[in-house]
Amino acid sequence: MPARIHRTAIVGTGAIANAHASAVRAAGERARLVAVVDLDLGRARAFAAEHGVPRKYPNLTELLAHEDVDLVHLCTPPGQHAPLAIECLDAGVTVLVEKPPARSLAEMDELVAAERRSSAQVATVFQHRFGAAAVRLRALTEAGQLGRPLLATCATLWYRDDDYFALPWRGSWDSEGGGPTMGHGIHQFDLLLSVLGPWREVRALAARQARAVSTEDVSMALVTFACGAVATVVNSVLSPRETSSLRFDYEHATVEVEHLYGYTDEDWTVTPARGHEDALARWPHGKPSSPSSHESQVVAVLDALDRGDPPPVTSADARNTMEFIAALYASAFTGQPVQCGEITPESPFYQRMDGTGAPWAVVAR
C-alpha cells in the first residue's frame, strides 16, 4: 500500500477531463478521484457515473468548502484557469491546470503571486515533457553527449474546421488568450524549450488565413537560444495532413519525433553523424518505456507530492513558455524582434496577448 493516498477532484467535465480521470485511475491506490465539479450538474452527474466519482458539485467554492482534497485538476476553458487556480491556492490546495495556465503574462504573474503566499503549488499540464524519450533527450543534451545543439524545427500542423470554432469561447482573445499558438502548438514548443533551455530572441509572424475567428489561425517564429541554437516554430489549425514534429540537429546526431497527439519511443529516430555512431548506443531501443501522456505527468506529480517537492511543470517553467508566447505575438504584431525579458508590465503585450491589436478585423462572436 502507498504511504499516502492523494484525494483528487476534477473541475470541468469537457473532453480533456476524461484523460485526467483515466490518469488518476491508472495511478491505482496512489490517488482517488473523490469529486467532480461542473456548472452543468447534469454533465457532472454523467461524468461521475462514467468514472465512478462519488460526489458532484456545481462550483469550485462548494467543492473546497465540503471536501478535503490534496490535488485539483482544472479542465475548464482557458479563461477560467487562472482565477480558479488562484482560488485553489488561496485554500491551500495544490492544483494541476490544463494549458494554457493563464491568458496573459499579467494573469500568469497573479498566479505566481498567489502561489508565493500559499502553502500549495500550481503545476501546468505539459505532458509531452514526460515521455521517456523526452526525459532521455534532456539528459543527453544536458550532459553534452550529443554535442552542441545547433538547429531545431518544431511544427504543430493540425486541422480544425469551422464547426470546431462554433463554441463561443473558441477563437477569442478574451476567452482563449490566443489561437493555435496558445491552445495547440503550445505542447510542442514547450517541449522544444524544455530541451534547448532559455530562449533569447523571437522574430515572428501570425495571420488569420481561413477561420472566422478573432485570433490567428497560423503563426511562425524564428527563435535563438542562449545555448546558441536556432529554431523554427510553426503552429497551424489549417493543415489537412495533421502532424506534430520536432527535429533537433546536434553536432553528433539528429534526433527526431513525429506523432500527432502523443508519442511513444517508436516515434523517435536518431541519425548519427559520420564518426559518431556511438550516439545510437545512448538511445536504447526495444525496452518498454512510458509514452507522453497525462498518465505520465500525473505519476510525476504524485511522486513530487510524496517527496514534498513542487510538482512539475512548475510555475517558473510555465511562465517561461508563456513569455515565449507573448514575445511571439509581440513580434508578429509589431514587426520587431523581441528579446527575453523585454515584455514588462508596461508593455501592452503583458496585459493581453494581442497587445496593440491584431492586424485584422475583429470577428463578432
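**Helix H1**

I started with helix H1, residues 15–26, and found that its 12 residues reach 18 Å from first C-alpha to last, close to the 16 Å expected at 1.5 Å a residue. (The expected span is 1.5 Å times one less than the number of residues; helices are DSSP runs of H or I with at least four residues, strands are E runs with at least two, and both are numbered from the N terminus.)

A note to myself before going on: this is a predicted model, where local features need pLDDT of at least 70, side-chain atom pairs count only at pLDDT 80 or more, and totals for chains, interfaces and linings use all residues. Residues are numbered from 1 along each chain as its sequence is written, and side-chain values use heavy atoms, with hydrogens and water left out.

Next I asked which residues of H1 are buried. They are Ala17, His20, Ala21, Ala23 and Val24 (buried is under 20% relative accessible area, exposed is over 50%, partly exposed is in between, with a 1.4 Å probe and protein chains only). Seen down the axis of H1, the buried residues fall within an arc of 160°, so they line one face of the helix; the arc is that of the directions from the helix axis to the C-beta atoms.

I then looked up what covers these buried residues, and the list includes strands E1 (6–11) and E2 (31–37) as well as helices H2 (41–51) and H10 (294–307). Contact here means heavy atoms within 4.5 Å. After H1 comes Gly28, with a positive phi near 65°.

The largest pocket has a volume of about 1100 Å³. Of its 42 lining residues, Ala15, Ile16, Cys75, Trp169 and Arg170 are the closest to the centre. (A pocket is an open set of points on a 1 Å grid over the protein atoms alone, where a 1.4 Å probe fits, with protein on both sides within 12 Å along at least five of seven lines; lining residues have an atom within 4 Å of a point.)

Which element gives the largest share of this lining? It is H1, with three residues.

The second largest pocket has a volume of about 170 Å³. Its lining counts 15 residues, and Arg4, Asp70, Thr94, Gln121 and Leu305 lie nearest the centre.

**Leu41**

Last, I checked Leu41, which sits in helix H2. Leu41 is partly exposed, at a relative accessible area of 30%. Leaving out residues up to four places away in sequence, Leu41 touches Lys56, Tyr57 and Pro58. Leu41 and Val270 are 229 residues apart in sequence and 49 Å apart in space, C-alpha to C-alpha.

Definitions and conventions:
Points joined across faces, edges and corners; volume = space filled by probe spheres on them.
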